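Visitor: I have this one open on my screen. Can you walk me through it?

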Amino acid sequence: MARQPIGLTIDMARYVLGQRMKGKRRFPMVLMLEPTEMCNLTCTGCGKIRQSEEILKMRLTKDECLAAVDECGAPAVSIAGGEPLVHPEIVDIVKGILERGKLTLLCTNGILLGRVLDKLEPNPRFTFVFHLDGPREHHDRMVERKGVFDIVIKGIQAAKQRGFRVATNTTLYKGADTKAIGQLLRELTDLGVDNCILSPAFTYEEVNPANSGIFFRRKEAQQAVREILEVAGPKVRFYNTPIFFDFLTGKKTLKCTPWGNPTRDPKGWKGPCYLLTDAHYETFDDLMNQTNWEEFGYGENPRCASCMMHSGYEASAVKAMSPMDTWRVIRWMFAS
């Protein structure tokens, strides 16, 4: 089973090549679209739900979401939040993005899946991405509600039975049993999950300082990822590229490219990145042209010291690929 349908993989490759041929140094790969930052969980490591009540009440309309997709032009859209399924227009938002031929990832905690499952149709460009941080006890503790793990597993099964592509997104925190996570990823693969996404926890500025100890330092994260991959083995189909895993495990150094995954939330175009909020811009061009991108990233800004987030470094992996890396990624794309 390929990581993505062949036609879609070719479309993505054409886009990157086209941008490079135009001489563009910076161009978006994935739009991080947040129609709302409201959520029905209060996950320990998430800063979104801990923002002001004024921000949580705001949301983008369907038309504003689709205008952001058109304005940005990225070939892929990750619909995040908050919990996107609390948005009353989420079905129309997804359909509008798919009508534009975009690779569309809908990130969800799974609780409200029943609201949309019968209103959407399977599409090779569409994937449900279920948040699943580890085995039952660990996941329920991190989302601060018992029973959510079982809800996610039932949601995965229901989505697969209806023919949808399904991925899981596992965020790594200190104290997690890496062997248990590696085994869970194997079990998810047996369950029919198409791809697994792995990422060290995101150090949101809004997270309660009392919880700051749950976040890895860079070397700690690298060791945790190595341990998980050892247990998971070649059986697990990861969505992360092998070049990004080289970075996660400390084999390769990458320069952060936050412009590759710009964020649009209810307040505007968020800069400089998904985690840091220094400003909101009215237009995508303002974000790209008025942000001093050289000020951010590991070694450049102390706030970025522990960040290894995929939205900052997956585009870096694409940009930094050598001919040998390119061949590795091609093999990875079509691996079964």
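Visitor: Let's start with Cys72. Is Cys72 buried or exposed?
Guide: Cys72 counts as buried, at 8% relative accessibility. Buried means under 20% relative accessible area, exposed means over 50%, and partly exposed lies in between, with a 1.4 Å probe and protein chains only.

Visitor: What kind of model is this?
Guide: This is a predicted model, where local features need pLDDT of at least 70, side-chain atom pairs count only at pLDDT 80 or more, and totals for chains, interfaces and linings use all residues. Residues are numbered from 1 along each chain as its sequence is written, and side-chain values use heavy atoms, with hydrogens and water left out.

Visitor: How many disulfides in the whole structure?
Guide: The search finds zero.

Visitor: New topic. How many salt bridges?
Guide: The count is nine. The rule asks for a side-chain nitrogen of Lys or Arg within 4 Å of a carboxyl oxygen of Asp or Glu.

Visitor: What does Arg136 pair with?
Guide: Arg136 meets Asp150 in a salt bridge, at 2.8 Å from N to O. That pair links distant parts of the chain, with Arg136 in helix H5 (residues 136–143) and Asp150 in helix H6 (residues 148–161), 14 residues apart. Helices (H or I, at least four residues) and strands (E, at least two) are DSSP runs, numbered from the N terminus.

Visitor: How accessible are those two?
Guide: Arg136 is partly exposed at 44% relative accessible area. Asp150 is partly exposed at 31%.

Visitor: Which residue does Lys174 bridge to?
Guide: Glu220, at 3.5 Å from N to O. The two sit 46 residues apart: Lys174 is in the loop between strand E5 (165–172) and helix H7 (178–191), and Glu220 is in helix H8 (residues 218–232). Lys174 is partly exposed at 34% relative accessibility.

Visitor: What about Glu294?
Guide: The side chain of Glu294 meets Lys255 in a salt bridge, at 3.8 Å from N to O. Both are in loops, 39 residues apart: Glu294 between helix H10 (284–290) and helix H11 (310–319), Lys255 between helix H9 (242–248) and strand E7 (263–265).

Visitor: Which residues join them in a network?
Guide: Arg26 does; shared partners put Arg26, Lys255 and Glu294 into one network of salt bridges.

Visitor: Now H4. How many of its residues are buried?
Guide: Seven of the 10 residues in helix H4 (residues 90–99) are buried, so the helix is mostly covered. Among the buried ones are Ile90, Val94 and Leu98.

Visitor: What covers them?
Guide: The cover includes helix H3 (62–72) and strands E1 (30–33), E2 (76–79), E3 (103–108) and E4 (126–131).

Visitor: Last one. What does Gln19 touch?
Guide: Gln19 touches Lys24 and Phe27, leaving out residues up to four places away in sequence. Contact means heavy atoms within 4.5 Å. Gln19 lies in helix H1 (residues 6–21) and is buried at 9% relative accessible area.

Conventions: A disulfide is a pair of cysteine sulfur atoms within 2.5 Å.
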